[in-house]
Amino acid sequence: MPLKISSSPHFLSKVDTQHLMTQVLVGLIPVICASVYFFGLRAGLLILNCMVTAIATEAVILYLRKKALAITDGSAAVTGLLLALILPPTTKWYAATMGSVFAIFIGKHIFGGLGANIFNPALIARAFLMAAYPKMLTTFSAPIRWLIVKPQQWDSISQATPLVLKKFSQEITPNLDLFIGNISGSLGETSAICIIIGGLYLLIRKIADWRIPLSLIVTVVIISEIGFILRPTNADVLFHLFSGGLLLGALFMATDPATTPITKKGRYIFGIACGALIMVIRYFGGLPEAVMYSILFMNALTPLINRYTLPKAFGR
């Protein structure tokens, strides 16, 4: 057998960034369809705004950095799409544009570009918008289920999210409404069934590692079941699984390979810690939702987790 000597990487895979991002976009199609169905044409325009702005920002920064114009790899499009899906339907166009620019510039390129970012770009952009426009980012509209709505009608139809209703009014939204998506919330967080379909597609295609979403969801199930037994007003397991951004975060945000641990043991730790933080903040925190802050906090700890979970070198 001839010995072939070459520089690294020694293994060539057909799976490249463009393929991964394309599969993520395919996995998000059910979520996109649900957001347009429940929140109308404005949801589609918001998604288009974020994706186009993110791609344009990526192109400008790559040009200024004198890098190859690799916008066709789909990473900027995925970042813009994910940001749109975690924004309220009534988010103003200028805020969505600023968030998309922030996600690409600060969330991604300030750390070195694709794969070098510490935090999930879409989530760090949402955190920025929460600080800049707190009222806008916490005002949600009721689902409307038609495609074309006059702007004045949008502003007049508002409704609290299930987590807000539970935390401040002790009102529990029916699980069937949470499962289908007939509730208020961010664009891509309302329909649990559509998120599950898209997430299963990524897991079956092995685009996302199952360890983080599984450990995160199991942790939430255990803690919420204990909380429900101790105090039924804490709401049951299905409520906590289907409400807020838990499923979208677990399946599409916490599985980001650039900002999560690379070791198998580390991914279990990441998922368990995320799930525990989510429930602690939901039970005891001042905010009803906790997925964004939990994932960002664990993103910051990812280098430490990697350091202590790397396997020992052979023979040492």
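# Note on a predicted model: surface, aromatic pairs and salt bridges

1. Residues are numbered from 1 along each chain as its sequence is written, and side-chain values use heavy atoms, with hydrogens and water left out.

2. Which residues form the nonpolar patch? Its members are Trp210, Leu214, Val218, Ile222, Ile226, Leu230, Tyr268 and Ile272, and together they have about 770 Å² of accessible area. (Areas come from the Shrake-Rupley method with a 1.4 Å probe, and for residues only the protein chains shown count as cover.) Patch residues have over 30% relative accessible area and no salt bridge; nonpolar side chains (Val, Leu, Ile, Met, Phe, Trp, Tyr) are joined within 5 Å, and like charges within 9 Å. Both α12 (211-230) and α15 (264-284) contribute at least two residues each to the patch.

3. (Buried means under 20%, exposed over 50%, and partly exposed in between, with a 1.4 Å probe and protein chains only.)

4. The model contains eight aromatic pairs. (Rings of Phe, Tyr and Trp, the last by its six-membered ring, pair if their centres lie within 6.5 Å; planes under 30 degrees apart are stacked, over 60 edge-to-face, and the rest tilted.) One of them joins Trp93 and Tyr94 in an edge-to-face arrangement, with 6.0 Å from centre to centre and 85 degrees between the planes. Trp93 counts as exposed because its relative accessibility is 63%, whereas Tyr94, with a relative accessible area of 35%, is partly exposed. Trp93 and Tyr94 also form one aromatic cluster together with Tyr133.

5. How many salt bridges are counted? There are three. (A salt bridge is a side-chain nitrogen of Lys or Arg within 4 Å of a carboxyl oxygen of Asp or Glu.) One of them brings together the side chains of Glu58 and Lys108, at 3.0 Å from N to O. Glu58 sits in helix α3 and Lys108 in the loop between α5 (93-105) and α6 (121-132), so that distant parts of the chain, 50 residues apart, are linked. Glu58 and Lys108 are both buried.

6. Asp209, Arg211 and Arg267 are linked in a network of salt bridges. The side chains of Arg211 and Asp209 meet at 2.9 Å, N to O. Arg211 has a relative accessible area of 15% and is therefore buried; Asp209 counts as buried because its relative accessibility is 17%. Asp209 also forms a salt bridge with Arg267, at 2.7 Å from N to O. This pair links distant parts of the chain, 58 residues apart, with Asp209 in the loop between α11 and α12 and Arg267 in helix α15. Like Asp209, Arg267 is buried.

7. Most residues other than glycine have a negative phi. Lys66, although not a glycine, has a positive phi near 60 degrees. This residue is located in the loop between α3 (41-64) and α4 (75-85). With a relative accessibility of 77%, Lys66 counts as exposed.

8. Lys206 is likewise not a glycine and has a positive phi of about 60 degrees. Is Lys206 buried or exposed? Its relative accessible area is 73%, so Lys206 is exposed.

Note on methods. This is a predicted model: local features need pLDDT of at least 70, side-chain atom pairs count only at pLDDT 80 or more; totals for chains, interfaces and linings use all residues. Helices (H or I, at least four residues) and strands (E, at least two) are DSSP runs, numbered from the N terminus.
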